[in-house]
Amino acid sequence: MNHRLDLGSRKFWRLAGRPVDLAGEHSWLRAPVSHSSTVADGWLAAEAAHHGGTVDDDAATEASAGPAPGLLPAMAVLDGPGFDASRLDPRIRDFYEHTAAWHMEVWSGWSPLFWPAGELIARLFARRVEQLSLPMRPLDVAHGMDSRVRVIRDRDGAQVGAAWLRTLRPSGRYVFSGCYSARRLPGSTQPSVHVAFPLESGNLQVFLRPAVGDDGGLVLESPAGRKVPADRRHADAMVERRRRDFHHEFATFRFRPLAEHGTWEGRTGIVPTR
């Protein structure tokens with residue numbers, strides 16, 4: 001039954017989608033895929049081999065191994081016409097550049113309106129393939145969630161991607177397995193945060209354009225397509241956010257440090273005053 005579900009979903013997307021040339025015109029869409037029906041972290045070795053490099057061991061996150069790895073080697077890789085990493089709050093830069101040094105606290109809650117669909121997807125696909133398996137009940141995360149970062153390097157040792165792996169305690173079941181990097185969309189001079197979620201024989205991708213908020217916060221926005229003039233995209237997105245039937249083409253994320261658990265520059269329990 002599960003095999004037929006997976007095969008049917010792949011055939012649907014092949015019929016509904018269009019062919020791409022990942023070695024040529026559409027190389028910007030090339031991203032990790034899973035060669036197994038269970039995703040977890042099984043795609044890492046193949047992705048490192050594609051770049052002729054290696055994957056850092058989990059031991060690299062220990063203090064004795066040097067600075068903790070991050071989702072990006074430096075926020076400056078996103079610098080461009082619309083983004084200046086030096087204006088970010090230092091704590092946000094530290095999170096992205098040394099993600100493994102941060103601890104995650106999570107609680108799950110779903111709207112009753114969306115819970116049935118979420119539970120159906122979780123039962124049919126997400127839990128089985130161990131990808132985007134979002135907790136459906138508060139008790140699912142009662143024991144907490146572990147967060148690991150494993151850096152993917154090319155043959156020269158440069159970071160070309162980072163896997164952010166999140167698993168539930170104490171079962172170790174994968175909730176999330178994503179590959180983070182910086183990448184430009186065709187025709188754009190502004191790098192975006194690129195996140196790919198490997199799936200069997202495919203993947204799900206998102207490109208998030210960075211901007212700095214007035215308070216040093218990070219804004220990650222996935223704007224509308226080319227049919228909307230560039231100077232109208234952000235304004236239209238802000239209008240749509242106030243509508244209950246928020247259009248699915250817009251996704252805006254705003255990050256502002258609220259509190260710190262652990263230490264930073266010798267201080268603990270930091271809560272911004274502004």
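Q: Does Ser-181 count as buried or exposed, and at what relative accessibility?
A: Let's start with one residue of this predicted model. Buried means under 20% relative accessible area and exposed over 50%, with partly exposed in between (1.4 Å probe, protein chains only). Ser-181 falls on the buried side, at a relative accessibility of 10%.

Q: Which strand holds Ser-181?
A: Strands here are DSSP runs of E with at least two residues, helices are runs of H or I with at least four, and both are numbered from the N terminus. By that count, Ser-181 belongs to strand β4.

Q: Which residues is Ser-181 in contact with, once its neighbours within four places in sequence are left aside?
A: Contact means heavy atoms within 4.5 Å. With those neighbours set aside, the partners of Ser-181 are Leu-72, Val-160, Gly-161, Ser-192, Val-193 and His-194.

Q: What rules apply to the numbering and to the atoms used?
A: Residues are numbered from 1 along each chain as its sequence is written, and side-chain values use heavy atoms, leaving out hydrogens and water. As the model is predicted, local features need pLDDT of at least 70 and side-chain atom pairs count only at pLDDT 80 or more, while totals for chains, interfaces and linings use all residues.

Q: How many bridges join β4 to β5?
A: Two strands pair if DSSP finds at least two bridges between them. β4 and β5 run antiparallel, and Arg-183 has Ser-192 in β5 as its bridge partner. The number of bridges joining β4 to β5 is 5.

Q: Which residue in the turn between β5 and β6 has a positive phi?
A: β5 also pairs with β6 in the antiparallel sense, over 7 bridges, and Ala-196 stands opposite Gln-205 of β6. The two strands make a hairpin with 2 residues between them. In that turn, the residue with a positive phi, about 60°, is Ser-201.

Q: Why is β5 largely enclosed by the rest of the structure?
A: The explanation lies in its residues. β5 is largely enclosed because, of its 8 residues, the number buried is 7.

Q: What kind of aromatic pair do Trp-164 and Phe-176 form?
A: Rings of Phe, Tyr and Trp (its six-membered ring) pair if their centres lie within 6.5 Å; planes under 30 degrees apart count as stacked, over 60 as edge-to-face and the rest as tilted. The whole structure has 7 aromatic pairs. For Trp-164 and Phe-176, the centres are 6.2 Å apart and the planes 75° apart, making the pair edge-to-face.

Q: Which strands does this pair tie together?
A: Trp-164 counts as buried at 9% relative accessibility, and Phe-176 does at 11%. Because the two residues are 12 apart in sequence and sit in separate strands, their pair ties together β3 and β4.

Q: Which residue puts its charged end over the ring of Phe-176?
A: A charge sits over a ring if NZ of Lys or CZ of Arg is within 6 Å of the ring centre and within 35 degrees of the ring normal. Over Phe-176 the distance to the centre is 3.9 Å, and the residue is Arg-166.

Q: How many residues are in the largest nonpolar core?
A: A nonpolar core is a set of buried Ala, Val, Leu, Ile, Met, Phe, Trp, Tyr and Cys residues joined through side-chain atoms within 4.5 Å. Those touching the most other members include Tyr-180 and Val-193. The number of residues in this core is 25.
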